[in-house]
Structure formats: structure tokens, C-alpha cells
Amino acid sequence: LVQLVESGGGSVQAGGSLRLSCAASGYTRSIYSMGWFRQAPGKEREGVATIETISSDGVTSYADSVKGRFTISQDNAKNTLYLQMNSLKPEDTGMYYCAADPRPGFRYWRDTTFTYWGQGTQVTVSS
């Protein structure tokens, strides 16, 4: 089993930045891909960015809405996943979730079928 704990959410004004962190514990050696997802009130959960964590320089993918503004990265030594969010917009508001999956094969940002999920951290962007 893998446990995921997110942190770093908060309230910022449009144009601001936040960095989310996701600490993984448990059988982390089994993880092949990790990702960030978000859910706004009244909307379905959607993918934001994913990364192939099985390698130190893994493939990444981004939703079109965040490309060029968000960066997903990993620190394997710390078993931690990050999401650097710049130029935040009000439409980025939502609960942000970290997820991990052990299945081989890179999972792109549209794939919401990850196996392990964190509890989420709230991001609120005001105009």
C-alpha cells in the first residue's frame, strides 16, 4: 500500500504562485506514475499533470489549461512530488489531489484511474 499526504494549498490572488507537495510513504518502490488532479465545486475531478516517477528524469504531461504555468517535479530521495503553480487564475480554484499508480505504462493527465489518492489540499485563487 502507498499513503499520500498533500500540503501547500492556500489562498492567493490572481497572478500569484503556490507550490504543492505530496509526501509518499509505504511501498513507494512500486509506484510507476504520479499525478496531480483537481476538483472544483460542482465539477468532476480532472487531471492537471502527471509524471513517470519510475525513472529519475520521467516523462511529464500537462492539461492544456495549465501548460506553461504549472510544473510537476519529483524528489525521489524524499519520496515527494511537487506542483509549482505560477500565474494562477480564479479558474484554478479547487481541491487538489495527489495520486500514484503502480501499473506499468505512463499515464497521461487525462487518466483519472490512479490507484492511490491523497486527501487533497485546497487552492483558492481570487480575482
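Figure 1. The protein chain holds eleven strands and zero helices; strands (E, at least two residues) and helices (H or I, at least four) are DSSP runs, numbered from the N terminus. This is a predicted model, in which local features need pLDDT of at least 70 and side-chain atom pairs count only at pLDDT 80 or more, while totals for chains, interfaces and linings use all residues. Residues are numbered from 1 along each chain as its sequence is written, and side-chain values use heavy atoms, with hydrogens and water left out. The C-alpha trace spans about 40 × 25 × 25 Å along its principal axes.

**Figure 2. The largest nonpolar core.** A nonpolar core is a set of buried Ala, Val, Leu, Ile, Met, Phe, Trp, Tyr and Cys residues joined through side-chain atoms within 4.5 Å; buried means under 20% relative accessible area (1.4 Å probe, protein chains only). This core has 29 residues, of which Leu4, Met34, Trp36, Leu83 and Met85 touch the most other members. Strand 3 (18-26) is among the elements that give two or more residues to the core, and the largest share, four residues, comes from strand 3.

**Figure 3. Surroundings of Met34.** Contact means heavy atoms within 4.5 Å. Not counting residues up to four places away in sequence, Met34 touches residues including Leu4, Ile51, Ile72, Leu81 and Phe114. Both Cys22 and Cys98 are also touched by Met34.

**Figure 4. The disulfide between Cys22 and Cys98.** The two sulfur atoms are 2.1 Å apart, and a disulfide is a pair of cysteine sulfur atoms within 2.5 Å. The torsion about the S-S bond is about -75°, so the disulfide is left-handed. Because Cys22 lies in strand 3 and Cys98 in strand 9, the pair ties together parts 76 residues apart in sequence. Both Cys22 and Cys98 are buried.

Definitions and conventions
Buried means under 20% relative accessible area, exposed over 50%, partly exposed in between (1.4 Å probe, protein chains only).
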